[in-house]
Amino acid sequence: MNSIEVSHLRRVYRSTIGVIRRSIKEIVAVDDISFDIKEGELFGLLGPNGAGKTTTVKVLATLLIPDAGTVRVRGLDIVKDAQEVRKIIGFIFGGERGLYWRLSAIDNLRYFASLYHVDPDVSKKRIPYLLDLVGLEGRGNERVQGYSRGMKQRLHVARTLLHDPDILFLDEPTIGLDPVGAREFRGVIRNLQSENKTILLTTHYMFEADSLCERIAVIDQGRIVALDTPSALKEHVSDLSVVEVETFGVPEATVNAIRSLRFVDALSVEEQGQRQRLLIQTPLGAEAVPDVMAALDGLRVGRVTVREPTLEDAYVRLVGGKE
Amino acid sequence: MKFRNIFVYWRTILRVAEITLRHQWNDSFILFSILVQPMIIAVLALFMLRGLGGDYAMFVVVGSGLTGLWSSLLFISGNSINGERWQGTLESLVSTPTPFEVIVFGKNLANVIQSLLSMTASYLLASLLFGYTLQLVAPLLFIGSVLLSIFAFISFGLIIAPLFIMYRGIQQWQNAMEFPVYILAGFLFPIAMLPGWTTPISYILPPYWAARALHETSTGGADLEKIMLAWGMMLFFSVIDLLIASRLFKVMLYKARVDATLETE
């Protein structure tokens, strides 16, 4: 049974430009996407910045009206039945905003418990339980403004779970967390998954999606370019190897020159301070290395490795090596 | 706002009011708006009217309290919606099952209760600093007028709130809306001193009837007929305001979801 059904969803942002000669600028954020999420499934939505992930989540969370298409959450229409949908969903948008910093964590939770009509007797027990669950036990009476980013993120989770929603939308929930905090957070997500909650997760971290999600939709420029299980998505690049080259100060023209080599399927660049890591997807494997090194002639080159592709490589291939 | 929602969600309204007060009392700008600013206005008016007797002092006390009420609704309630937008909580509030107008009602209740402190501060100022002995001509009717005024101001404030949800840049119009209401509602001097063409505008402003009821029961003749007229008009306009607000909230929240104005640009 499907918990979420998205059919031909389209959402456009419009802004007015100019004072005397006014014109309307349109940006298509989501363009005709369709997908279903089964009850109890952890579904991932991956894509580069501006691909339409957050817009999709906001439409599902009843915060935006679609321009076209239908979106149903457990059979309820998110436009006509918004008030009913809100009773069964919870959402987290990544970052520190969305809390009252001048209030304590407990006051924040008491406030939202009331707005979600949680019985006061229930919330009295549930608030300490949730603070314990997200690792904020003993810190509930402190003002949120003194919390670290990770603590605020965890308080978001507690707030989202106050009314025990069956369906959760987590929009880049681990963004900005340190590695330990992010790992703990993934533990919380796994616990939620074990409680049979339906979860839509957007993330930039491929290993996170790979380890948590049962199915993943890759979205690019507002369109879904692939939708499958992580292992099936990796099949997209099973014919390829990845050549990783560490460089120092590689110019854009050289990157483009490598990208245009006939055997290069996709290329992405990871900036690491003074260094760059070129990730070159190619069916040639180690045989591609001499030509790549020739293209880098005169530049300082560090470590060169050839490895099997990962989900991240599948993602890079699907979105055209933009990241 | 549906009238029955006040009764269905009374517990939520009280919680919203409580949390709003706790949150705002940590903000020094708000303390200035509700305590210092009305006291400055009261001092200015008391200096100008000194020597005219206790009745005028009481008129000023009530009037400056009303200015505090209106400023509180206009600035604090309005800004609080923009504040919610900037701190990212507006989306969280709108996405709860509680109708948003119920949340705004609770916020307005907190702000109105808070600004009653303005009136108390002005009262203490007049009696301690200027030595006036302040007496209410009809204390019970005055209390009744205060309660009805709270309801009238909250309802009037509910019409303003949807504009803040819809338009991010409405703050620049707030100043332009503050003093005309002070003057047209007769907070600090009778509207008889204004040109005749402004009188119909005053009549459709609930704060005008609140000012009339409060002035009549504090320093006026306590004429029951005049008081009942003011109470009746306050109730009438409160119901009209709630009906308009109900429609406005529905339209503006829908439009905010279409135009994506629940979040910052």
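In this predicted model, helix 6 of chain A is followed by A:Asn196, a residue whose phi is positive, near 65°.

Within helix 6 of chain A, the buried residues are A:Phe185, A:Arg186, A:Ile189 and A:Leu192. They cover an arc of only 115° around the axis, and therefore lie on the same side of helix 6 of chain A. The partners against which these buried residues pack are helix 5 (149-160), strand 7 (167-171), strand 8 (198-202) and helix 7 (206-212), which also belong to chain A. On the face of helix 6 of chain A turned away from the buried side, the exposed residues are A:Val180, A:Arg183, A:Gly187, A:Arg190, A:Asn191 and A:Ser194.

Turning to chain B, helix 7 (residues 139-166) packs with helix 10 (residues 206-218) of that chain at an angle of about 170°, the two axes being 9 Å apart. Because angles over 145 degrees count as roughly antiparallel, helix 7 of chain B is described as roughly antiparallel to helix 10 of chain B. The residues that meet include B:Leu141, B:Phe142, B:Val146, B:Phe153 and B:Phe156 from helix 7 of chain B, and B:Pro206, B:Trp209, B:Ala213 and B:Leu214 from helix 10 of chain B. Sorted by class, the contact of helix 7 with helix 10 of chain B has 13 nonpolar and 5 polar residues, and no charged ones.

Definitions and conventions. Residues are numbered from 1 along each chain as its sequence is written. Chains are lettered from A and ligands numbered from 1 in the order in which they are written. This is a predicted model: local features need pLDDT of at least 70, side-chain atom pairs count only at pLDDT 80 or more; totals for chains, interfaces and linings use all residues. Axes are lines fitted to C-alpha atoms, for helices over the stretch in contact, and angles run from 0 to 180 degrees between N-to-C directions. Helices (H or I, at least four residues) and strands (E, at least two) are DSSP runs, numbered from the N terminus. Angles under 35 degrees count as roughly parallel, over 145 as roughly antiparallel, 65 to 115 as roughly perpendicular and the rest as oblique. Two residues are in contact if their C-beta atoms, placed from the backbone, lie within 7 Å. Ala, Val, Leu, Ile, Met, Phe, Trp, Tyr, Cys and Pro count as nonpolar, Asp, Glu, Lys and Arg as charged, and the others, Gly among them, as polar. A residue is buried if 20 or more other C-beta atoms lie within 10 Å of its own, exposed if 12 or fewer, and partly exposed in between; C-beta atoms are placed from the backbone. The arc is that of the directions from the helix axis to the C-beta atoms.
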